[in-house]
Every structure is written in structure tokens, then in C-alpha cells.
Amino acid sequence: MKALLIVNPSSGGEQAKEYEQQAKDKLASFFDEVEVKHTEKAGDATQFASDAVGAFDSVFAMGGDGTVNEAISGLAPHEDRPAFGFFPLGTVNDLARALAIPLDPQEAIDSFDAAHSRKIDIGQINDDYFMNVVAIGMIPAAINQVDVEEKTKLGKMAYFVSGLREVRKNESHQFEIDLTAANETKHVSIESSTLIIGSSNSVGGFESLLPKASTKDGRLHLIYLKDSNLWETIKSIPELLKGVSESNEVLGYETFERATISIKDSGSIETNVDGDAGPELPVTIRIVPQHLQVYCGKEKNDVS
């Protein structure tokens, strides 16, 4: 049994250097051979994971959400996919939260057990894959402006501070969305500053934002702010942070298996995919159910 450990040396304020050997030793207690590769630039984790198909039984990533997303994107297109695991070192670590993997790197390494795994859904946006969330509008604009130094210094609060700057701009758009579920398609036209599409309960480090969502329900969950001015935006954000399971006066909520999203007004809007800049609209987003076998925490043990 062979395992590949993909390490992003710059993740977690360069904590990877501290934990790499411990992770390798832990994996060596479950696998006959453990190989380590270090990323140097964007896309390396995707390439390493893709190249591992057929050569390794399991692929592990050590890094933040971006590194985890890249590794999943490298495995997802292949039919014969190795099992996937990760040791979180990022700022948010949404998938770790959803799978009950400890956020502390040392605890995540110590508690790893190859006997605990489950199949999870993953998302696809155009031709690329994502593990947890796509955001469109005000929120991705805020996230995309946060640099590495800010994230290292402020952690999750860096996104909040940047978000306050974007809220003051109060830019809403007319979105045209086709949602498909259970072979039925409906069209919705909405005015909003922000759309959030998640595949699990944890979004942006808030573990109850989508209380009805899970990594194995075969659905994606859409939240949108019903805001056309600054006052409506301010009213909707506290309701958003409480968690959303149905539509109300200030928030919209939908579930779907496939969606196409575009804007009616001119200009371009960038998406944010798992914390990194994604494609501009229009986009097609869908769920790929039960697509990846992933090692998880003991509380979520669901061997399948």
C-alpha cells in the first residue's frame, strides 16, 4: 500500500515544515510506502494528485483549503481514484469542519485512522471541481482582496474586515439562474449583492450556515441576499450568520443538482471557489454525488 503526501510549505504560516515529518511517520504506520512532494506554485497539487492515479492507493494533502481543493481537482476527473485524506493548515478549513477532522494540525495527525472513511459529494463549476463553496458577488470580492499577510495576521477576521469594506460599496446585480433538481428545471430572476453555494454545513468557517447541508446529500445549497440597497444588506447579514434552512424576508434559499448562473446587467463578476478566485459568470455548477472516498474524523465515521 502506497501513499502520497502533498505538502504546501507556505500554508498555515509555514507550519507545514513543523508537521511534515510527523504526518509522514503517522502515515507510515498504515502504509508500506509514503512519498512526499512539495508544491512550489499554483496547480502543483492538482498535477501531483493527478499523476498519483494508478500509482498510489491514497493521496493526502497538507495545507489550506486551496491546497485541498487542488488535490481533489487532480483526482476527480479520473475513474479509478485513490482515497483522499488531508491535514488542515489553513485559515478556514471548511471540509475539515464538515468531516470532524481536528483543526489543530497536531490533533489531526494524532487522530488519523485509515479505518475511518466515507464517500462524499464534490462540486463542479464549468470544467473544474470544488470541495465546498462557490461565492458570487460581494463576498468573493472581499475574499479575493485578502492577501496572505492579512490572513496570517488576522486569520478568519481578515475576511470580515475586507467584507465590511465591500458592504459599503453596496453593489447588487440582476442574476438569471436555472436550477435543476429531480429532473425538473425552474428559472429564478433575483436582485442580490451575494450568492453562496455550499455542499456542506460549514461555509467560511461558520459551521451552521447551512444546517441542512451535508457532504453526502446529493445536493448543492444556494443562499442569496435579498438586497438592493445598503440597509437591506445590513439587515440580511445577521440573519445569514444565524444559519439558513429556508427562505425568509431578507434571504433566499434553494437546493439543486445543477444550475446555470448569469447576470442580466453588463460587466463581469468574478466567482470565488473554495477561497480562491474562480471563473467569471456565466457558469454552470453541479453536484457530483458520492464521488470521492475521504478519510474523516471518528465522529463522522461512515465507512462505505
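The lining of the largest cavity comprises nine nonpolar, two polar and two charged residues; here Ala, Val, Leu, Ile, Met, Phe, Trp, Tyr, Cys and Pro count as nonpolar, Asp, Glu, Lys and Arg as charged, and the others, Gly among them, as polar. The model is predicted, with local features requiring pLDDT of at least 70 and side-chain atom pairs pLDDT 80 or more, while totals for chains, interfaces and linings use all residues. Residues are numbered from 1 along each chain as its sequence is written, and side-chain values use heavy atoms, with hydrogens and water left out.

A search of the whole structure returns one cavity of 30 Å³ or more. A cavity is a set of points, on a 1 Å grid over the protein atoms alone, where a 1.4 Å probe fits but cannot get out, and its lining residues have an atom within 4 Å of a point. Grid points are joined across faces, edges and corners, and the volume is the space filled by probe spheres set on the points. The largest cavity holds about 100 Å³. Its lining has 13 residues, of which Ile101, Ala108, Phe112, Cys296 and Gly297 are the closest to its centre. Strand β4 (83-88) and helix α6 (105-111) each contribute at least two lining residues. Helices (H or I, at least four residues) and strands (E, at least two) are DSSP runs, numbered from the N terminus.

Asp113 sits in the loop between α6 and β5 (117-125). Its relative accessible area is 23%, so Asp113 is partly exposed; buried means under 20%, exposed over 50%, and partly exposed in between (1.4 Å probe, protein chains only). Beyond neighbours within four places in sequence, Asp113 is in contact with Phe30, Tyr295 and Lys298, where contact means heavy atoms within 4.5 Å. Asp113 and Gly297 are 184 residues apart in sequence, yet their C-alpha atoms are 8.1 Å apart in space. A polar atom of the Asp113 side chain also lies 2.9 Å from the backbone nitrogen of Ala115.

The chain as a whole has 304 residues, 51% of them buried, and contains 10 helices and 16 strands. Of the contacts between residues at least 6 apart in sequence, 73% join residues at least 24 apart.

The largest nonpolar core has 46 residues, and Phe60, Met62, Phe84, Phe86 and Phe87 touch the most other members. Such a core is a set of buried Ala, Val, Leu, Ile, Met, Phe, Trp, Tyr and Cys residues joined through side-chain atoms within 4.5 Å. Strand β1 (residues 2-7) gives the most to this core, with five residues. Setting aside neighbours within four places in sequence, Phe86 is in contact with Phe60, Ala61, Val68, Leu95, Ala96, Leu99, Ile101 and Val294. Another core, apart from this one, has 24 residues, including Ile136, Val188, Leu220 and Leu222.

Helix α4 is largely enclosed by the rest of the structure, because 10 of its 11 residues are buried. One of its residues is Ser73, the helix spanning residues 65-75. Ser73 is buried, at a relative accessible area of 15%. Not counting residues up to four places away in sequence, Ser73 touches Thr46 and Tyr129.

Thr194 belongs to strand β10 (residues 194-198). Thr194 is buried, with a relative accessible area of 0%. Its side chain makes a polar contact with the side chain of Ser193 (3.2 Å). A polar contact is a pair of N or O atoms within 3.5 Å; within protein, one must be able to donate a hydrogen and the other to accept it, and residues adjacent in sequence count only if both atoms are side-chain atoms.

Note on methods. 1 Å grid on protein atoms, 1.4 Å probe; cavity = no way out; pocket = protein on both sides within 12 Å on 5 of 7 lines; lining within 4 Å.
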